[in-house]
Amino acid sequence: MSVNYYEPPSAPQPAAQAAPQPTNQPTSQAPGNGGYTPKLKPSNRLRRIFGGMGAAVTTLRNTLANIIFLIILLLIIAAISGKATLPLPDSFALRIAPSGILVDQRSYIDPTSLLLSDENPQESETLVSDIVAAINYAEKDKRVTLLVLEPGRLLGGGISKLNEIGQALESFKASGKKIIAVSDNYSQDQYYLASFADEIYLHEMGVVEITGYGRYMNYYKSALDKLGVTIHAFRSGKYKDYLEPYLRDDMSAESREHNAQWINELWAGYTGNVERLRRLPPGSINDYVNNLDAHMALTEGDSAKLALEKALVDKIAPRRELISTLIAEAGKNKEGDNYNGIDVNFYLGDMRKKAITESDKVGVIVAAGSILDGHQPDGSIGSESMLELLRQVQDDKNIKALVIRIDSGGGSAFASEIIRSEIIALRDKKIPIYISMGSVAASGGYWIATAADKIWAQPTTITGSIGVFGAFPTLEKSLEKIGVYTDGVGTTELAGTMRLDRPLSEKAGKVVQQSVDNIYQRFITLVADAREQEKDAINEIAQGHVWTGNKAKEIGLVDELGTLKDVIRAIAQEAKLDTYKVEFVQRPLSPKEEFLRSLTQGQAGVLLPKSLVNNFVSLSILNDISPALKPLQDLKNMNDPQGIYVQCLDCVAP
């Protein structure tokens, strides 16, 4: 069976067009046409003269600015075109240097902002599919003699995405080619990726920072009480702890129980894989972490020497010596100051120029981010946006099978159901559909997954969290603190109930709770039907409980374990495809968007200052602050029509 991969970069979204504004200026009629020309006062005449001069200057300035901008664009296009025509060397090392966060789909950022930015171009997100595709190509490419991992700018992405890349790296090694990892320092995620290499190099003043997984959150109840904000919460499922940060000042016993369960399973996967790949005795990583102070004392605080003694790395040396070692392996680049390495983007550009003759296709739709109602940009899952992609699949007669890659902790219950129903409608067209779970496919993400023929997860995928909640704040106590009160009359007991400035009535609370319970029953019913189990059995493993992919397979929530590549191979066999190409299904780009994407080479994301990327302490602070602010951002983005959600707060895989 032969497979050709085609993974286009993320499609940008269209910019909003400003509607032309009507003008109400009176137009004077010319003499001879039945009109007249009014006489102007001197002041008006001068104003007209200077106004005309100002308009002429403005027009000239704008024209010059546009000409200069076009010249710059043409120069950029020429530069890009010039680079694209350069052939690759006959022999080189493939350089894998992910930056920012590993993602299945880039978040949408207006491409024009990349052109106008004065920062050094550093991606804040890296597509896992790009790295995997490059490694897969390189495995069989005779020009690629070595693979060099440089994970120093990787901020994270979760163990599941790292395993996805790791599987490709292990296949590359099995072909007989060598992998070397090199970095000044290694964070926990960076080191996990490096552990797949044959050899790991570290700067002589560097550190391997492995600390273990932790699940710590900020709790806001006391702060909200002081502000006079009342959170009205409704939920079904005793483990559904999304709302706990707003209702408590600490973690509940139920939340502590199930969080400890899945986080320990993930840590066991981390340590077990590192020890296997590095051929270390079982328990070595836990010993390194738990006794780090004692170990550091024996090396007089030399962290690089400790990493070498504990066999976490194979060589420590100054940067120039490490570069010399790579040059000895791969040869020099044209400038003569570094090893002969080709970056992933440049390499993929060369490989994707080759013609693909297969007409049969396996389509892949990426559903990443929070599930929201309506049209949403890349990085979120909009109900209407997903429907359009699914209908594209239906209209493309060459797509014989579909894989939906879910990387989501859930969101709107209504939007989840809209998407699920459309997937079922597509299945009725006799198109096989498999789900591939990424780092997270929980709550609403699992709701969507139930519509497929088969569900695949990775052993470290976070899934389950089958529970429902509803919540909204009221501010009557806050307003009382400043002397504002609300009063009035209504025609019924529920009139004006959902106002932010009034307390929620007991009757209204019962109505919301009954709606939440109804959605929960609907949730477990559709899961029971999809998994061919009894509702009572599903209710036992639901209750908002979070499971790893390994455990989910044991209890029947998923069918198989494997990466996206494994899922594509399996569904191709199901569809009886001997040869096929893989196509990521995306919204068609407008000519303007195609132009802008070509200028930015498909890159999207917030640009990070180089000083921040290279600063180890700054990255740690960034990782610490982000989870604290996420719950507040999630509340802002909630747009379910009924205010009912199937979302998992804790489903952020380490």
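Student: Is the crossing of helix 3 and helix 13 left-handed or right-handed?

Tutor: The crossing of these two helices is left-handed; a crossing has that hand if the near helix is turned anticlockwise from the far one by less than a right angle, and is right-handed if clockwise. Please note that this is a predicted model: local features need pLDDT of at least 70 and side-chain atom pairs count only at pLDDT 80 or more, whereas totals for chains, interfaces and linings use all residues. Residues are numbered from 1 along each chain as its sequence is written, and side-chain values use heavy atoms, with hydrogens and water left out. Helices (H or I, at least four residues) and strands (E, at least two) are DSSP runs numbered from the N terminus.

Student: At what angle do helix 3 and helix 13 pack?

Tutor: Two packed helices are described by the angle between their axes and the distance between the axes. Axes are lines fitted to C-alpha atoms, for helices over the stretch in contact, and angles run from 0 to 180 degrees between N-to-C directions. Here helix 3 and helix 13 (residues 344-351) pack at about 60 degrees, with axes 10 Å apart. Helix 3 is therefore oblique to helix 13; angles under 35 degrees count as roughly parallel, over 145 as roughly antiparallel, 65 to 115 as roughly perpendicular and the rest as oblique.

Student: Which residues have the most contacts inside the largest nonpolar core?

Tutor: A nonpolar core is a set of buried Ala, Val, Leu, Ile, Met, Phe, Trp, Tyr and Cys residues joined through side-chain atoms within 4.5 Å. Buried means under 20% relative accessible area, exposed over 50%, and partly exposed in between (1.4 Å probe, protein chains only). The largest core holds 62 residues, and Val-208 and Tyr-347 have the most contacts inside it. Helix 3 (residues 128-140) gives the most to this core, with eight residues. Beyond its neighbours within four places in sequence, Val-208 touches residues including Tyr-186, Tyr-288 and Leu-312. A second, separate core has 54 residues, among them Val-393 and Val-527.

Student: Why does Val-512 count as buried?

Tutor: Val-512 counts as buried because its relative accessibility is 17%. Val-512 lies in helix 18 (residues 506-531).

Student: What share of the protein chain is buried?

Tutor: Buried residues make up 48% of its 654 residues.

Definitions and conventions: Contact means heavy atoms within 4.5 Å.
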